[in-house]
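Please look through the sequence and the model before reading on.

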Amino acid sequence: MSETLVIHEFRRVRPDQTQPFRAEIEYYRGAELEEIMATEFKQAYAAVDPSEDNVSDSEDIDFDDSEKDHDEYGHIQAISNLFCNRPECASVEATKEFLRQAHSENDKAAIARMVRWSEEIIRNYTEKSVGSTVVMESATTADLLQDLRGFTHTTVKKGQDYGCERACWPIVKRITFCLDTPFLNDGIVLVDTPGLNDCDPTRAAMVKKEFARSIFVLIIAQISRAINDDTVLRYLRKGYFSHRIGKVIPVLTHTDSLSQFQGWGNANDVQKDRLQEAEDEVDQLEKELEQLRANKRQKIATSEIPYRVQKEQLL
């Protein structure tokens, strides 16, 4: 299953756009970049095992799978991919040695080096751009996505036989896609965010901001996990209070796998209980909402009585 590693925003075409498909890449800066690097370093440092030597640098490693993207090895690989032109991170083993030389998971000197390296990468990408945003345009979606792969995915081939293929997604804040479609031309903006449980506090905060400013929210989850996924249930509750009924929409994927279970009828008792609890809670919330609306109507009606009396006296 693929996973969104950076925020993807989809908008109508720009006035100065010359190709049908356009992407605008925005990078982290300043304090946000420092926090991103500190978190990446901390996660990778925690994963270092001096006796670990079970992964070859020449392997074609695919971290598109959501369960692999956030595992311990993934953080080491992400640093190696990002700074692969540096001797300290030229391979996975070199990156591990760089991490082992640190004094702690909060080693300021090591983190500062990673920040400087990141700033240099950003300067190299933006030096020919107007402002701090890198713009790419293409006649086809296939060509555009191929150009963007290093900014959106961790999947690269590493090792002496393959050379350096940088994956910059850890320092990418947002990618805005500008497309000429009737849906987007009506002014609708679609935003695809990383997971709600992103381990990086900066990315997690950005996801929450997008959640708060959106009009409608779609919660995506595999159907086999949704009923036991506390995150899905928690954000459905949160969305109910912040966006109200009909504004938070759960979208369940992999529905074709239901045949493996002969439908929901064979779900275990725990799943059935959880589902019933969720339905009961929704019913209770709807009753509370209706009571609040009734109280509001009563308050408005009561507040209008003195005004009506005064108006009648004046007449």
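What volume does the second largest cavity have? The second largest cavity has a volume of about 40 Å³, and a search of the whole structure finds two cavities of 30 Å³ or more. A cavity here is a set of points, on a 1 Å grid over the protein atoms alone, where a 1.4 Å probe fits but cannot get out, and lining residues have an atom within 4 Å of a point. Grid points are joined across faces, edges and corners, and a volume is the space filled by probe spheres set on the points.

The model is a predicted one, in which local features need pLDDT of at least 70 and side-chain atom pairs count only at pLDDT 80 or more, whereas totals for chains, interfaces and linings use all residues. Residues are numbered from 1 along each chain as its sequence is written, and side-chain values use heavy atoms, with hydrogens and water left out.

The lining of the second largest cavity is formed by Val 6, Ile 7, Tyr 28, Val 172, Lys 173, Pro 194, Arg 203, Met 206 and Val 207. Strand S6 (172–179) and helix H8 (201–213) are the elements that give two or more residues to this lining, and H8 supplies the largest share, three residues. Helices (H or I, at least four residues) and strands (E, at least two) are DSSP runs, numbered from the N terminus. By class, seven lining residues are nonpolar, none is polar and two are charged, where Ala, Val, Leu, Ile, Met, Phe, Trp, Tyr, Cys and Pro count as nonpolar, Asp, Glu, Lys and Arg as charged, and the others, Gly among them, as polar.

Contact means heavy atoms within 4.5 Å. Not counting residues up to four places away in sequence, Asp 192 touches Thr 4, Val 6, Ile 7, His 8 and Phe 10. With its neighbours within four places likewise left aside, His 8 is in contact with Thr 152, Ile 175, Phe 177, Leu 190, Val 191 and Asp 192. Asp 192 and Ile 175 are 17 residues apart in sequence, and their C-alpha atoms are 10.0 Å apart in space.

For the protein as a whole, there are eleven helices and nine strands, and 37% of the 315 residues count as buried.

How values were computed:
On a 1 Å grid over the protein atoms alone, a cavity is a set of points where a 1.4 Å probe fits but cannot get out, and a pocket is an open set with protein on both sides within 12 Å along at least five of seven lines; lining residues have an atom within 4 Å of a point. Buried means under 20% relative accessible area, exposed over 50%, partly exposed in between (1.4 Å probe, protein chains only).
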